[in-house]
Each structure stands twice: as structure tokens, then as C-alpha cells.
Amino acid sequence: MNDFERVLIAGTGPTSLQLAVMVKDRPGSVVAIAGRKSVRSDGFFLAFRESDRKVRVDVQNDKNRGAAGECVVDELFQGFETVAGEWRMLVLAVTADAYTHVLRQLDDRVLARVRCVVLVSPTFGSNSLVRNFLTSQGLNAEVISFSSYLGDTRWPEGVPADRVLTAAVKKRLYIGSSRGQSANLDLLCEMHHRLGVAMEVVDDPVEAETRNISLYVHPALFMNDIALNAVFFETEPVKYVYKLVPEGPVAPSLVHEMVAQWKELTEICRQMGVPGVNLLRFMVDDSYPVREESISRRDVERFERLPSIHQEYLVYVRYASLLVDPFSEPDADGRYFDFSAIPIRRVFVDGAGRWEVPRMPKEDYYRTKVIQGVARHMGVACPTIDTLIARYEHALEDAGRAHTDRPLSDAFVVRDFREDVAMICDEIGKARGDRRADMGRPTT
């Protein structure tokens, strides 16, 4: 039996449906979806039952037709603790801060049979975190990290249903396994190749995890006064994530912090023996391209060697160049598609009647706190990361005092994520020790 014959997908978001269709495309695969019990997940399971577990993926663009399809999900589990049976592959399609929470809820007998854990949207250190948890349980499953999810999949009507829309598919993803090359890694690459995604296999899973643009740009974009006011306090006017001041937060000071934070994360990677990224190349080649007239290929390739002020100038030009989609077709008035009009979401009341923080910046807080914790463990100074987190936590505390009319979710609590950071650092310490041991062995 190969691991793809029995696949359990943990998560009740749109991505779980896309992943189910991809896995079921392999003949003989049995797929189950499990989710936590919550007000929001009730709608997900209801939609599944009404469709007799049949799901469908539509695509917005015909060039992504490889992602389209439909399938029947073999089993559903409402509540992770209800999962039963043998599942060889566990796909964690939940947020990175929920990984150990999900693993702890699974029955020990179920977890003991898992041979491979796939992290769909991990963050820096997630592979180390999951490996450390499994080791503490006496388990030795392969753990595979993607750099990020394959694209943009959403509920067409904004609420859970039996179909989803994949609006975009990424050009390239990075992937790494705790076991180096493996059959599971090869099959995952094959599945994504069929969707037109170029897969780049890296030696170390943490290298794949550092190839996520959110790590480098979201902290600066959301942990600034303009964005924080828009998230926690202001009701109008709407502010937009990628627009320049005053419509959004993008300003030379924000770009200065973005570039500085990139350098701090690059130093952490260097200390771990992981290659860093050329931030500008990552932005224009792996994310959204700009016209050659805006940023030349020469500037992209030499970005890491340029003075800081020149680097900041180029990053600012990159954001200014994407205020409109530079490759869209203009209308009769010469107007291009308003590419940067992504509104900053405000705090909201969730299904349980509590004030909740949107995923951006809620997830970014966890990611950045983990990086800060690893940096401190390794003795790497990160003053910019410290400043961004302090600014966010100050806003959290002010917002908690301001929103007293309803209960607050735990997203309003200043946290250190100490347990996750300790597990990640423990695993990093083991890896560094192994590398030192390898360096000390005589060659033959």
C-alpha cells in the first residue's frame, strides 16, 4: 500500500475541497476530510451531507483547467477526535498555529498509523514543530512542507458549500521533505505539475518554508499605524493593503522596515545553513511581475549587492508599479485593472458572538513571533522584528480595552507561543548538532 491510497485531509476550508479532488484523481485513492466542531464548520458538513459528499472545483481561468474536477469524498469526520480507521497520509490544511492542536486531538491509534504528514501552508519552523511533536509520541513519520498553498481557492458565495472556485494557480512552489527525496515527494510534485505548477524540490524543509512571500512583506504591511488603525479602530474610510499613503500604508518608512526585516530573516537562515532569498527577484518572478520599464532585470539580479537605500527604492517602485495590473487590458478611458484595491479587513464578530481578528494579521502575528523566538534562541539580533511585534501588541491591548461590548477571542491576547517556539528550537538544535558532527567526521 502506498501512502496516497488512504489520505486524511484535516481542515474545512476551500483548500480541502481542491486537495480532495487532486488526490481522488489518483485511481484507488480513499479520501476523508476531518474538521473541528464549530459554528462555522457546521455549514461545511451540512453542505457535504446535502450533496452526498460530492464536491466540485471550478476554475476562473481556462489556463487553470487542470485544477477543475469533482469527486466523492469517502468519509467525513466532524471533530478531529472522531477520526477512526487507518490513514497513511495526513494532510494538514489548517493554519500553521493549529498544527499541534489538531495532532493532539487525533486518537493515538490513528496517529500511529500515519506514515506521512503534509503541511500545505506552513510557516518558518513548522516542519521542525511537527517532527518534534511526532518524536515526542514515539513516531517517525515523514513530514513534507510546501512553501505555500497552490493558489487562490474560495467559496463562490462566501459561505461553505459543496463547490469551490480556484481563481488563480501559482507559477512555482517549493517543497521539501524531512527525508530528502522520497516517493511521496515525487507524487506530490507530479500532482502539482498536472496543474501547471513548477515544483522546485529543496534539500531542507525549512528552505521551502522560507520561500513564502508573506513572511517578508506581511509584517511591515500590517504592523504599521495605518493598517493597525484600519484593522482595530477605524470604520471608514476603507484602507487598502497594497496602496500608497493615504489610501493604504505603503510609504518609504514601511519599505525601510520591510527590507530591514528581510535582512534579519536572511541572517537567521544563514545561521541555520539555509540559503536566503533575493527579495526583489522573489517579488517579481515568484509573485507578481512588473514591466521591464519599471524594474530592469539587471536591478533584479544585483539586488542583494545594492546599498540599502537603493534596495528600498526598488521595492517602493515595485509596489507603485502594481497599483494597477500592468499587464491588464486598458478600458476605453485608458484605465487599467485596479490591482491593489485589496481592502484591509476589520475586526469582526464571529459565529460565537466574539470579537475576532482577521486572518491577516492574526496569522502574521504567529509567524513573526516564531521567527522572533528562533532569532533569540540563536542569538541573532532582530530589532526591526521586535519593533513590528511591539507595535502590533500595543494595538492588540488598546483594541481589547476598546471592544468591551462583546467577549474577545484569544487572538486579542498578547502571546509568546512559548511551547511551539521551544519545540522548533529543540529540533533546530538537533539539526545543528548533526551538522557539526558531520563536519567533524574524517573523510575516506
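1. Strand E7 (residues 116-119) and strand E8 run parallel and are joined by four bridges, where strands are DSSP runs of E with at least two residues, helices are runs of H or I with at least four, and both are numbered from the N terminus; two strands count as paired if DSSP finds at least two bridges between them. Within this pairing, the bridge partner of Val 118 is Ile 144 in E8. The model is a predicted one, in which local features need pLDDT of at least 70 and side-chain atom pairs count only at pLDDT 80 or more, whereas totals for chains, interfaces and linings use all residues. Residues are numbered from 1 along each chain as its sequence is written, and side-chain values use heavy atoms, with hydrogens and water left out.

2. E7, helix H5 (residues 126-136) and E8 together make a right-handed β-α-β unit, a crossover being right-handed if, with the strands pointing away from the viewer, the path from the first strand over the helix to the second runs clockwise. E8 also pairs with strand E11 (residues 172-177), in the antiparallel sense and over three bridges, and here Phe 146 stands opposite Ile 175 in E11.

3. Five of the five residues of E8 (residues 142-146) are buried, so this strand is largely enclosed by the rest of the structure; buried means under 20% relative accessible area, exposed over 50%, and partly exposed in between, with a 1.4 Å probe and protein chains only. Glu 142, Ile 144 and Phe 146 point one way from E8, while Val 143 and Ser 145 point the other way, and all are buried. In a regular strand, side chains alternate between the two faces of the sheet.

4. Strand E1 (residues 6-10) runs parallel to E2 and is joined to E2 by five bridges, with Ile 33 in E2 as the bridge partner of Ile 9. Strand E2 (residues 30-35) is mostly covered, five of its six residues being buried. E2 is also joined by four bridges to strand E5 (residues 75-78), again in a parallel run, and the bridge partner of Gly 35 is Gln 78 in E5.

5. Four strands form an open sheet of mixed pairing, in the order E4-E3-E10-E9. The edge strands, each pairing on one side only, are E4 (69-72) and E9 (151-154), and the twist averages 20 degrees from one strand to the next. Helix H1 (residues 14-24) packs on this sheet, touching E3, E4, E9 and strand E10 (163-169), and its direction makes about 85 degrees with that of E4; axes are lines fitted to C-alpha atoms, for helices over the stretch in contact, and angles run from 0 to 180 degrees between N-to-C directions. Strand E3 (residues 54-59) pairs with E4 in the antiparallel sense over four bridges, and the bridge partner of Val 57 is Gly 69 in E4.

6. The largest nonpolar core has 103 residues, and those with the most contacts inside it are Phe 124, Phe 232 and Ile 268; such a core is a set of buried Ala, Val, Leu, Ile, Met, Phe, Trp, Tyr and Cys residues joined through side-chain atoms within 4.5 Å. Its largest share, nine residues, comes from helix H10 (residues 252-272). Domain 1 (6-210) and domain 2 (213-434) both give residues to this core, so the core lies between them, the domain bounds coming from an automatic or database domain assignment.

7. Leaving aside neighbours within four places in sequence, Phe 124 is in contact with residues including Val 206, Leu 265, Ile 268, Val 370 and Ile 424, contact meaning heavy atoms within 4.5 Å.
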